[in-house]
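Today I open my notebook to look at how two parts of one chain meet. Come and read along with me.

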Amino acid sequence: MSGAEVFEPESRRVVRRLRGEIIEGVRRPGSKLIERELAAELGVSRLPIRDALRELVAEGLVTPRPRSWAVVREFTAADISDLYEVRTAFEVMAFRLAAERASREGLRRLRARLDDEWAAARAGDAVGARRAAADFHEIVVELAANELLGELERTLRSRMRWLLAQHDDLLLVAEEHEQLFLAVAARDGERAARLAAKHVETSRELAAGREGVGE
């Protein structure tokens, strides 16, 4: 191992992989997560699998079952409605504060991630576009420079990333992010807040039209 490499516990590697596969739909809602089988699949012992499942339960992506297994959470219509209500209030505040407080370097980072989203969307790379879109939202929270808001975002992050992945219109979402970026860059907090509320409603409509979401 070189001096530049950082040791990563197996449980962190496992939780990152499982989280990504759940958010990206590789592991479908209701899919069984059995410690023994996951350990064989990922080439690790059962202990890091157990630790990873415990963390994913805390993040709201996995539902525990008795003994040594769990299932990928099946979000109900009520669950999704709750998430959208929270997301609306959260993002209206985040975008308004970001417009008021973003630094020049922060705007540069936000622009770079939006460019990544555009590139992936135009290439039809759904996974890449959705990841960049979720990163865009997380950078906005950083730019809002409110520590409590940041703590809340970290608590909800996995569920919000799952919610942000429930759409197929990559270019429409990128276009709305473009308008949001312009409002933040122009320091127009009221416009950013209005666009954020509209953007959440667009996401809700896109998700409602996607088969299986919230059923």
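I start with a term: buried area is the accessible area (1.4 Å probe) that two parts lose on being put together, summed over both. The size of an interface is often given this way, as accessible area lost when the parts come together.

I note that this is a predicted model, where local features need pLDDT of at least 70 and side-chain atom pairs count only at pLDDT 80 or more, while totals for chains, interfaces and linings use all residues. Residues are numbered from 1 along each chain as its sequence is written, and side-chain values use heavy atoms, with hydrogens and water left out.

**Entry 1: the domains.** I looked up the domain assignment (automatic or from a database) and found domain 1 (10-72) and domain 2 (77-212). Their centres, taken over C-alpha atoms, are 27 Å apart.

**Entry 2: the interface.** How much area is buried between domain 1 and domain 2? I read about 670 Å², with carbon and sulfur atoms giving 55% of that area. On the domain 1 side, I23, E24 and E59 supply 68% of the area buried against domain 2, more than any other three residues. For contact (heavy atoms within 4.5 Å), I found 7 residues of domain 1 meeting 7 residues of domain 2.

**Entry 3: the salt bridge.** I searched for a side-chain nitrogen of Lys or Arg within 4 Å of a carboxyl oxygen of Asp or Glu. The rule finds 1 salt bridge across the interface of domain 1 and domain 2. I also looked up E24 and R131, whose side chains meet in a salt bridge at 2.6 Å, N to O.
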